[in-house]
Amino acid sequence: STWGACVDSDPLGGAPFMAHAIISNPVTYGHIHCAEALGVPLHIMFPQPWTPTEEFPHPFSGLPYDGQNKRINRLSYYGFDELQW
């Protein structure tokens with residue numbers, strides 16, 4: 001659960017955990033309520049690049065994330081935009 005991710009102990013080592021800030025994807029639910037209840041900052045960020053970059057292809061392009069073909073990575077954003085619109 002979202003709350004558990006903010007306050008539960010580490011499931012592998014059992015170390016106690018309490019979030020000092022929450023970084024969340026905009027489309028998730030509960031982040032604002034957890035941040036408010038804990039009194040911690042909430043940073044809403046999209047974890048995937050949507051502007052052209054040579055480091056990664058567009059997330060929906062189906063291309064591998066190996067960083068090998070920088071030109072194709074950048075062009076994948078323009079190609080996806082053409083298909084989307």
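Predicted model: local features only at pLDDT ≥ 70, side-chain atom pairs only at ≥ 80, totals over all residues.

Modeller: Let's begin with the inside. In soluble globular proteins, nonpolar side chains tend to be buried together. Here the largest nonpolar core is made of seven residues: Cys 6, Val 7, Ala 19, Ile 22, Cys 34, Ala 35 and Val 40. Helices α1 (2-7) and α2 (31-38) each give at least two residues to this core.

Biologist: Take Ala 35, then. Which residues is Ala 35 in contact with, leaving aside its neighbours within four places in sequence?

Modeller: Those are Ile 22, Val 40 and Leu 42.

Biologist: Okay, what about charged side chains? How many salt bridges does the structure hold?

Modeller: The general idea is that side chains of opposite charge can pair when their charged atoms come close. This structure has two salt bridges. In one of them, Glu 54 meets Arg 74 at 3.9 Å, N to O. Glu 54 sits in the loop between β2 (42-44) and α3 (70-84), while Arg 74 is in helix α3, so the pair ties together parts that are 20 residues apart in sequence. Another salt bridge joins Lys 70 and Glu 55, at 3.1 Å from N to O. Lys 70 belongs to helix α3 and Glu 55 to the loop between β2 and α3, 15 residues apart.

Biologist: Now helix α3. How do I read a helix?

Modeller: An α-helix has 3.6 residues a turn, so residues three or four places apart point the same way. Look at which residues of α3 are buried: Asn 73, Ser 76, Tyr 77 and Phe 80. You can check length too: α3 has 15 residues and spans 22 Å from its first C-alpha to its last, close to the 21 Å expected.

Biologist: And where does α3 bend?

Modeller: At Ser 76, by about 25°.

Biologist: Last one: Ser 24. Is Ser 24 buried or exposed?

Modeller: Ser 24 counts as buried, because its relative accessibility is 9% and the cut-off for buried is under 20%. Ser 24 lies in strand β1 (residues 22-24), and its side chain makes a polar contact of 2.7 Å with that of Thr 28. Not counting residues up to four places away in sequence, Ser 24 touches His 31, Leu 42, His 43, Ile 44 and Met 45.

How values were computed. Residues numbered from 1 in each chain as written. Heavy atoms only, no water. Salt bridge = Lys/Arg side-chain N within 4 Å of Asp/Glu carboxyl O. Helix = DSSP H or I, 4+ residues; strand = E, 2+ residues; numbered from the N terminus. Core = buried A, V, L, I, M, F, W, Y, C linked by side-chain atoms within 4.5 Å. Buried < 20%, exposed > 50% of the residue type's maximum accessible area, 1.4 Å probe, protein only. Contact = heavy atoms within 4.5 Å. Expected span 1.5 Å × (residues − 1). Bend = angle between axes of the 7 residues up to and from the residue. Polar contact = N/O pair within 3.5 Å; in protein donor to acceptor, adjacent residues only side chain to side chain.
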